[in-house]
Amino acid sequence: MEKLRIVFMGTPEFAVGILDTIIKHNFEVVGVITAPDKPAGRGQKIKYSAVKEYALSHHLKLLQPTNLKDETFLTELQSLNANLQVVVAFRMLPEVVWRMPKLGTFNLHASLLPNYRGAAPINWAIINGETKTGVTTFFIDDKIDTGAMILSKETTIYPEENAGELHDRLMVLGSEAVIETLQLIAHGSVTTTLQTDNADIKTAYKLNRDNCKVDWNKSAKEIHNLIRGLSPYPAAWCLFKDKGEVWSVKLYDAKIISENHSSPIGRITTTKKEIKVAVKDGFIQLLSLQFPGKKKMQAHELLNGITFSEEAQAE
């Protein structure tokens with residue numbers, strides 16, 4: 001059995017769960033690589049990545065390169081004398097980095113590869129109405145999420161589950177996959193499977209304002225999947241128009257009401273406690289949402305302070 005000296009690379013909360021599990025299983029982490037600090041929020045205060053916060057609290061050697069090909073960084077990385085690198089939710093690595101350790105560099109990806117390669121696999125699996133997903137470990141190569149697969153673990157996506165809930169479950173499942181992968185590598189018993197491309201492979205495109213906007217002409221199921229697939233972050237959104245005013249509204253939680261109606265698509269109807277939007281095959285009831293400059297609210301809370309006319313429209 002070979003003793004592993006691991007460099008871990010990652011940035012968000014998802015990566016922290018994996019790093020913490022590696023530490024708790026008594027693997028030696030000789031260094032952590034994460035994104036540079038950057039200003040965030042209205043005050044533009046410097047914000048540390050979740051991985052940096054964890055690394056500092058556990059007194060781990062930390063590097064934050066802006067350029068992964070910089071000679072100073074490469075020298076520092078080499079000096080850590082790692083024989084394996086583990087990557088979780090980081091950025092694309094240059095070949096000089098991923099080829100450095102003797103035992104290679106593997107990545108944990110939050111999908112069942114080759115499906116949902118890319119930046120937002122958890123979100124797109126829900127948005128596309130998948131009923132199962134999982135995690136995959138694979139050795140990094142010169143493309144994005146295309147390397148030889150080591151192992152995968154599958155789980156169900158529940159009908160009302162949102163991206164945040166699935167994220168948390170996949171973090172646990174991913175931790176198990178990484179530990180099993182480390183054990184295989186330490187024992188020299190890894191076997192890999194090459195990914196095969198085909199025309200049906202689905203991609204996890206980067207999320208942006210355009211692909212997060214609700215199209216009320218779609219089916220209730222498609223709209224519901226978009227809302228839960230983007231909740232709690234970055235959140236689906238649409239425009240509410242009423243009485244000459246226009247609001248950009250974030251939508252966090254909704255449910256489908258299947259019933260026939262004659263309302264125009266996008267028409268907003270309300271009671272004292274409910275907000276519904278008409279779609280072609282029923283209504284989308286909005287359970288929690290956020291108006292500009294306000295906190296996220298339940299529908300009944302919002303309706304305490306705002307009334308809509310019978311002409312109110314979602315676009």
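In this predicted model, Thr 136 is located in strand S9, which spans residues 132–139. Its relative accessibility is 0%, and Thr 136 therefore counts as buried, the cut-off for that class being under 20% relative accessible area. Two polar contacts involve the side chain of Thr 136. A polar atom of this side chain lies 2.7 Å from the backbone oxygen of Ser 111, and the side chain also reaches the backbone nitrogen of Leu 113, at 3.2 Å. When residues up to four places away in sequence are not counted, Thr 136 touches Asn 107, Leu 108, His 109, Ser 111, Leu 112, Leu 113, Met 149, Leu 151 and Ser 152.

Among these contacts of Thr 136 is Asn 107, which is the bridge partner, in strand S7, of Val 87. Strand S7 comprises residues 105–109 and pairs with strand S6 in the parallel sense over four bridges. Strand S6 also pairs with strand S1 (residues 5–10), again in the parallel sense, over five bridges. In this second pairing, Met 9 stands opposite Val 87 of S6.

Strand S6 itself, residues 84–88, is mostly covered, with five of its five residues buried. In a regular strand, the side chains alternate between the two faces of the sheet. In S6, Leu 84, Val 86 and Val 88 point one way, whereas Gln 85 and Val 87 point the other way, and all are buried.

Burial was also examined for helix H7. This helix covers residues 220–229, and because eight of these ten residues are buried, H7 is largely enclosed by the rest of the structure. The buried residues are Ala 220, Ile 223, His 224, Asn 225, Leu 226, Ile 227, Arg 228 and Gly 229. They pack against two helices, H5 (121–127) and H6 (163–186). They also pack against strands S12 (236–242), S13 (245–257), S15 (275–279) and S16 (282–290).

Together with Tyr 48 and Leu 56, Ile 46 makes a nonpolar surface patch of about 280 Å². Thr 136, by comparison, counts as buried at 0% relative accessibility.

Terms used: Residues numbered from 1 in each chain as written. Predicted model: local features only at pLDDT ≥ 70, side-chain atom pairs only at ≥ 80, totals over all residues. Heavy atoms only, no water. Patch = residues over 30% accessible without salt bridge, like charges linked within 9 Å, V, L, I, M, F, W, Y side chains within 5 Å. Areas by Shrake-Rupley, 256 points an atom, 1.4 Å probe, with all protein chains shown as cover. Salt bridge = Lys/Arg side-chain N within 4 Å of Asp/Glu carboxyl O. Buried < 20%, exposed > 50% of the residue type's maximum accessible area, 1.4 Å probe, protein only. Contact = heavy atoms within 4.5 Å. Polar contact = N/O pair within 3.5 Å; in protein donor to acceptor, adjacent residues only side chain to side chain. Pairing = 2+ DSSP bridges.
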